[in-house]
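Here is a briefing on a two-chain model. Look through the sequence and the structure first, then read the notes below.

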Amino acid sequence: MGVWDGVNLGMDITLRQVQDFLQVLTNGVAAGAVYALVAVSFILVYKAVGIVNFAAGEIVAVGGYVGVVLANILGLPLVLSLLICIVLMSFFGYGFQFVVYRPLKGKSFLIIAISTLATGIILANGIQLIFGPAPRRLEPLLANPTVDIKGVFISVPNLIIIFISILTLIGIKFLFAKTRLGFQMMSTAQDPEMAKLLGINTDKMVSITFMLSFAIAGLVGFLIAPVLYLVPTMGLGIALKGFAAAIIGGFGEVNGAIVGGLSIGILEILFARYLSSSFQSLLIFLVVLGFLYFRPEGIFNREIGQKV
Amino acid sequence: MSKSKSGSTSALKEIVQKSQHGNLMGVNPTYLKLFRYVSYFLFVGLIAILPNLVNGLQLRLATLASIWFVATMGLQVLMGQAGLVSIGQAAFVGVGAYTAAILATKHGFSFLLTIPIGGLSGVILAIIVGFPTLKLRGHYLAIASIGVGQIILVLMVNWRAVTNGMDGITSIIRPVESSRVYFYICVAIGLAIAAALYSLRNTPVGLAFTALRTDETAAGAMGISVAWHYLIAFMISGFCAGVAGGLFAYNEGFISPYGFDLGQSIVLLTMIIIGGLRHISGALVGAILLVFLPPNLEFLGSSYMVIYGIAVLLVILFAPDGAAGAILKIRDKFLRKISRTSGEASNE
């Protein structure tokens with residue numbers, strides 16, 4: 001009898017472990033989808049105009065707070081607030097380029113990097129000034145926001161995040177693979193001079209790229225607002241994970257960003273669950289440094305060269 | 001052969017000096033020398049009597065400014081001279097601070113040993129970090145430096161056996177009782193490092209930094225070892241940060257991971273940008289401005305970080321040479337004017 005007890009107990013634990021693992025895995029996939037979107041959002045700008053936006057995380061935070069204002073404070077319906085949030089953020093992106101991109105055209109990397117960093121500081125502290133340091137949260141959709149799939153509890157906001165992320169990523173792939181606008185944007189990114197000669201309005205394409213990038217960032221902010229508590233300083237962590245995803249993916253590839261984001265999200269959450277939550281961010285940065293050292297071209301081994 | 005080589009070196013030197021010292025065309029060299037000696041004399045005099053002029057809090061801030069001056073000089077070499085980006089300088093300061101603090105409190109090392117060892121720990125970290133990141137440029141390096149900063153921070157918070165976690169290390173006792181003497185010590189160390197860095201600028205290493213910053217590919221083609229010189233820049237920067245960390249630990253008497261996070265890295269970056277990236281004196285001006293302004297901007301409340309950001313943005317957009325650049329421009333104008341008037345006087 002004692003023997004059977006042990007086995008039953010063992011199987012019970014195993015089943016629970018599997019359920020727990022699946023639960024953790026879904027959370028990881030949701031987090032990974034968010035990182036992938038963040039990475040895509042600044043890779044677009046990087047490819048189009050060659051600047052890395054160090055304010056990327058703060059822009060996501062702005063998106064989240066805009067969502068809070070629209071949905072919680074103004075009380076608009078969620079879908080409508082999401083759409084308004086995306087539109088507002090794309091206007092923000094349109095304006096952003098006149099601060100850190102157009103006046104600094106042709107300046108060294110250092111200058112541009114610092115100006116985006118400074119913009120990030122302004123945004124983070126501007127948020128703090130307006131909303132205070134206390135955490136905010138978009139009121140969740142449902143009272144009990146989990147679904148029970150054979151004992152695996154999965155949070156609905158996470159499912160929504162995964163679903164909308166997949167849709168968005170498919171949309172972006174479609175834009176660049178099939179549409180005229182996408183081709184024009186790509187050729188502007190690849191060779192602005194040539195694109196101009198071929199009659200493409202490159203200024204407009206750059207503007208559209210900024211708007212698209214910020215719209216995605218706004219979407220991310222809105223999506224994570226019901227899951228995470230929003231704090232003014234949240235941008236840094238998100239941006240770092242996004243950068244990490246981009247580096248793993250080879251900095252400049254949408255596919256790479258997706259793989260990079262998912263691997264970071266899953267790796268981080270499994271590590272935190274099963275090994276150590278305090279050394280979780282250590283792992284991510286060691287992985288990133290390892291990639292930078294051994295495979296700076298990213299996981300897909302895309303050749304990178306330097307322009308002389 | 002050797003003659004042509006030295007000839008090209010001196011030509012390069014001239015170009016570099018012009019870029020370093022601004023436009024001195026039409027300035028009487030005697031006046032320049034005189035001006036320099038007078039300003040050095042005034043500066044040293046001011047430092048000597050400063051403790052008598054200010055209250056205890058202001059003296060503490062002045063000491064802090066001289067400590068951040070040391071750390072920011074490292075950034076000036078790395079960013080202003082070699083053209084590399086680091087958004088993780090505070091982590092190097094932190095490693096220096098923890099090294100000095102642990103050696104002093106747990107092993108009873110004296111100040112004369114802990115400060116150089118603190119600097120050395122910065123150099124060692126620079127080598128460890130430098131090797132994997134040396135082939136990175138631009139945004140890769142910037143992101144890697146943030147990553148390294150975060151790794152160090154995580155270690156400071158979680159490696160409790162060594163760092164005592166968030167509680168930090170307490171009761172680090174200053175080598176001298178008087179805060180006035182400690183201020184002099186910090187300033188003296190800062191000025192000694194500044195003098196060394198000034199003379200470095202006209203050595204082959206300093207010239208190589210400028211060449212690499214201007215055009216890395218061309219410099220490499222001319223036979224300058226790119227990786228080696230970048231590593232040297234990293235090591236110098238790490239040394240300055242480590243020394244500053246040690247001085248900081250003694251000055252505060254207590255350190256915790258709070259003082260060495262990304263925010264502090266950005267503050268150090270802001271110092272050198274606002275002070276003037278191209279000038280070693282920019283580190284001094286920036287450190288003074290950013291230590292003394294925040295307490296005087298208290299009426300702005302927590303919004304002063306917004307002001308920081310806006311100030312950095314404005315400086316980058318409209319005055320990329322920073323405050324030191326502006327001061328030097330005024331100096332040159334003044335010197336040109338008196339050179340001209342004295343020239344006219346001697347003609348008559």
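B:Leu61 sits in helix H3 of chain B, which covers residues 56-81. The model is predicted.

**Two positions in chain B**

- Setting aside neighbours within four places in sequence, B:Leu61 is in contact with B:Val291, B:Phe292 and B:Pro295.
- B:Leu61 and B:Ala100 are 39 residues apart in sequence. Their C-alpha atoms are 21 Å apart in space.
- B:Val312 belongs to helix H14 of chain B, residues 304-318.
- Is B:Val312 buried or exposed? B:Val312 is buried, because 22 C-beta neighbours lie inside 10 Å and the cut-off is 20 or more.
- B:Val312 and B:Met271 are 41 residues apart in sequence, yet 9.1 Å apart from C-alpha to C-alpha.
- The contacts of B:Val312 include residues of chain A: A:Ile114 and A:Ala118. In chain B, B:Val312 touches B:Thr270, B:Ile273 and B:Ile274. Neighbours within four places in sequence are left out here.

**Chain B overall**

- Chain B has 15 helices and zero strands.
- Of its 348 residues, 44% count as buried.
- Take the contacts in chain B with a sequence separation of 6 or more. Residues 24 or more positions apart account for 80% of them.

**Chain A overall**

- Chain A contains 11 helices and two strands.
- Their order along the sequence is α-α-α-α-β-β-α-α-α-α-α-α-α.
- The C-alpha trace of chain A spans about 85 × 50 × 35 Å along its principal axes.
- Chain A has a radius of gyration of 21 Å. A compact globule of 308 residues would have one near 19 Å, so the two agree.
- Of the 308 residues of chain A, 47% count as buried.
- Among contacts in chain A between residues at least 6 apart in sequence, 75% join residues at least 24 apart.

**The strand pair of chain A**

- Strand E1 (residues 146-149) and strand E2 (residues 152-155) of chain A run antiparallel. Four bridges join them.
- A:Thr146 stands opposite A:Ser155 in E2(A).
- How many residues lie between E1(A) and E2(A) in the hairpin? There are two. A:Lys150, in the turn, has a positive phi of about 50 degrees.

**Domains of chain A**

- Chain A is divided into domain 1 (51-168 + 207-232) and domain 2 (234-303).
- The centres of domain 1 and domain 2 of chain A, taken over C-alpha atoms, are separated by 20 Å.
- Nine residues of domain 1 of chain A are in contact with six residues of domain 2 of chain A.
- On the domain 1 side of this contact, helix H2 (56-73) and H4 of chain A are the elements that give two or more residues. H2(A) gives the most, with five residues.
- By class, that side of domain 1 of chain A has six nonpolar, two polar and one charged residue.

**Where the chains meet**

- 33 residues of chain A are in contact with 34 residues of chain B.
- Helix H4 (109-131), helix H9 (234-248) and helix H11 (280-294) of chain A each supply at least two residues of the chain A side.
- H4(A) has the largest share of that side, 15 residues.
- Which classes make up the side of chain A that touches chain B? That side has 26 nonpolar, seven polar and no charged residues.

**The largest nonpolar core**

- The largest nonpolar core holds 198 residues. A:Val34, A:Ala36, B:Val70 and B:Ala244 touch the most other members.
- Helix H1 (residues 2-49) of chain A gives the most to this core, with 18 residues.
- Domain 1 and domain 2 of chain A both give residues to this core, so the core lies between them.
- B:Ala244 is in contact with B:Ile67, B:Trp68, B:Val70, B:Ala71, B:Val93 and B:Gly96, leaving aside its neighbours within four places in sequence.
- In soluble globular proteins, nonpolar side chains tend to be buried together.

Definitions and conventions. Residues numbered from 1 in each chain as written. Chains lettered and ligands numbered in written order. Predicted model: local features only at pLDDT ≥ 70, side-chain atom pairs only at ≥ 80, totals over all residues. Rg over C-alpha atoms; globule rule 2.2 N^0.38 Å. Buried ≥ 20, exposed ≤ 12 C-beta atoms within 10 Å, placed from the backbone. Contact = placed C-beta atoms within 7 Å. Nonpolar A, V, L, I, M, F, W, Y, C, P; charged D, E, K, R; others polar. Domains from an automatic or database assignment. Pairing = 2+ DSSP bridges. Core = buried A, V, L, I, M, F, W, Y, C linked by C-beta atoms within 7 Å.
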